Every structure is written in structure tokens, then in C-alpha cells.
Amino acid sequence: MTVGEDYPMKNYPALWLIPAAILILSACTGPTNPLAEYNPVTPPTALTVPTPDPARASAYDADTVERGQYLVELLGCASCHTDGALLGRPSEGAHLSGSNIGIAYTNPLASANPGVVYPGNLTPDKATGLGDWSDDDIVAVLMRGEGRSGHRLLPVMPWTAYNRLHEKDAYAIAAYLHSLPAVKHEVPDNVTPGRKAGTPYVHVGLYYRKD
Ligand code: HEC
């Protein structure tokens, strides 16, 4: 057997097979972009917050309510608890009355149906907001992440950052929230991972890969 006879017959087809196989494989498995279904979000900014309703505010010391307003604006509560704000398009007149845009708390790139939470209505509407909450209930959320039914709130609500507040300041926030004009607005129920959310949502990182 000479090289001249054998080489073209056996190895030529093999050379063509390599790029052909790569092309077929990449067409089947394709390099997909996991972000293809996502849109970039204009980052939310700290929004101005509503002026208190004098009738409601009269239950508190005026300086306390003013301090609460300053803190709520500074701590950016309205950038989550306002409809549209998480997409950079806050609804006018709805500041602090809750968001229909959710926040995914599990990785939406790992599962098509992540868990989603909705920042609630912080105005004192009795049916849909904090009208039935005591000042202590609000302070428990801010300083300890304790929800009213004793459950721990997800750190998507940044109570882990707010727990360094002075208690007096946490009560000032509660006083201001209770002094707001009531807005009736019910946010959607939170969605557990695996169920499909019926609204748009943004993703805030909470988990990271171990490897
Ligand atoms: C990064 C977004 C974000 C910011 C900023 C934020 N919150 Fe929240 N907040 C949430 C989410 C999400 C929940 C629901 C968490 C859950 O269900 O576990 C929540 C829940 C709450 C609750 C419990 C009642 C309810 O409606 O669910 C209160 C009270 C509250 N937030 C007050 C505040 C106050 C006051 C501030 C500012 C000092 C603030 N939040 C800032 C996202 C946010």
C-alpha cells in the first residue's frame, strides 16, 4: 500500500466531516441567548413622595411626620412601592400605593417561572393598604422583617438594610405612612416558584451559583 493511493480515499471525507458536524451540531443545539426574552430596565430612582393628609397627620406630632416623609423619600420606598416605577415609568398620583410590576426572587434564567413578589400598597386604605396596621406592625417589618402573620419577609424588601434605623426613625416612617391620603389599589398575590406570573416582573439577584 502506498500513501499516494490510500490517503485521498480515506482521509479526504473525514476532513469534510469535521466542519459539517460542527455546523449540524450548532444548528441543533444553537448558542441561544437566555436574555433574548428580556428587555433592559431604566433603573428606578428615588421618587418624591406624597404630601400628608392634614386630618390624618393630626394624630401625630408634626415634626415626626415631616421626618418620616424625609426618610421615606431618602430610602427610596416609592421606587418599588409605586406602580410602573420598577420599569422606570412611575404612574402619576400613585406614589406608594403598590406595584403591579413584580420582582422575581428566584433566577428567571434558570426557570421559566420564577417566584415573584409585589411591593404592596403603603397608603392607609383599609382594604388594600396599611389602614389596619398599627405603627408597631410597620416597625416590625422595617427593623426585623416580620410580616403581620409572623412570616419573615423576603430580603427583596430591603429590611436587612433598614434594620439599622433608630427605632424613633422607624416610628416616624410609620407615622408618615399612616398620614398619607388613602389610595385604593390592590396588588397581585405573590407567585410561588413554578407558577406563571400574570404580570411583567423585573429580576433582582438573590441567589448565586456555587460552581
Ligand atoms: C427594592 C424594592 C423595595 C423597596 C426599596 C422597599 N420595599 Fe417594601 N416591600 C418590597 C417587597 C417586594 C415587599 C413584599 C415582600 C414579601 O412579600 O416578602 C415589601 C413589603 C413591604 C411591607 C409589608 C406590607 C406589604 O405591603 O407587603 C411594608 C410595610 C413595606 N414593604 C414598607 C417599605 C418601606 C417603608 C420602605 C422604605 C423605607 C420600603 N418598603 C422599601 C419591596 C421594597
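Guide: We'll go through the ligand site, then a helix, then the sheet. Keep in mind that this is a predicted model.

Visitor: OK, which protein atoms are the donors of the iron atom of the ligand?
Guide: Two of them: NE2 of His 81 and SD of Met 157, lying 2.1 Å from the iron.

Visitor: And what arrangement do the six donor atoms around the iron make?
Guide: The arrangement is octahedral, because the angles they subtend run from 88 to 180°. For six donors, that label needs opposite ones over 155 degrees apart and all others between 65 and 115.

Visitor: Where do His 81 and Met 157 lie?
Guide: His 81 is in the loop between helix H3 (62-74) and strand E1 (102-104), while Met 157 is in the loop between helix H4 (135-144) and helix H5 (159-162). The pair therefore ties together parts that are 76 residues apart in sequence.

Visitor: Is His 81 buried or exposed? And is Met 157 buried or exposed?
Guide: His 81 is buried, at 11% relative accessible area. Met 157 has 19%, and since buried means under 20%, Met 157 counts as buried too.

Visitor: Which residues come nearest to the ligand?
Guide: There are 22 residues around the ligand, and the nearest are Cys 77, Cys 80, His 81, Met 157 and Asn 190. Asn 190 has a side-chain N or O atom 3.0 Å from an oxygen atom of the ligand. With Leu 154, a backbone N or O atom is 3.1 Å from a ligand oxygen.

Visitor: Switching topic: how many of the residues of H4 are buried?
Guide: Seven of its ten, so H4 is mostly covered. Among them are Ile 138, Val 139 and Leu 142.

Visitor: What do the buried residues of H4 pack against?
Guide: They pack against H5 and helix H6 (167-178). Just after H4 comes Gly 145, with a positive phi of about 65°.

Visitor: Last one, the sheet. In what order do the strands come?
Guide: The order is E2-E1-E3, three strands in an open sheet with mixed pairing. Strand E2 (116-117) and strand E3 (201-203) stand at the edges with a single partner strand each, so one side of each has no neighbour in the sheet.

Visitor: How do E1 and E2 pair?
Guide: In the antiparallel sense, over two bridges. Ala 104, for instance, has Val 116 in E2 as its bridge partner.

Note on methods:
Residues numbered from 1 in each chain as written. Predicted model: local features only at pLDDT ≥ 70, side-chain atom pairs only at ≥ 80, totals over all residues. Heavy atoms only, no water. Donors = N, O, S within 2.8 Å, 3.2 Å for Na, K, Ca; no water. Tetrahedral: all angles 85-135°; square planar, octahedral: opposite > 155°, others 65-115°. Helix = DSSP H or I, 4+ residues; strand = E, 2+ residues; numbered from the N terminus. Buried < 20%, exposed > 50% of the residue type's maximum accessible area, 1.4 Å probe, protein only. Contact = heavy atoms within 4.5 Å. Near = heavy atom within 4 Å. Polar contact = N/O pair within 3.5 Å; in protein donor to acceptor, adjacent residues only side chain to side chain. Pairing = 2+ DSSP bridges.
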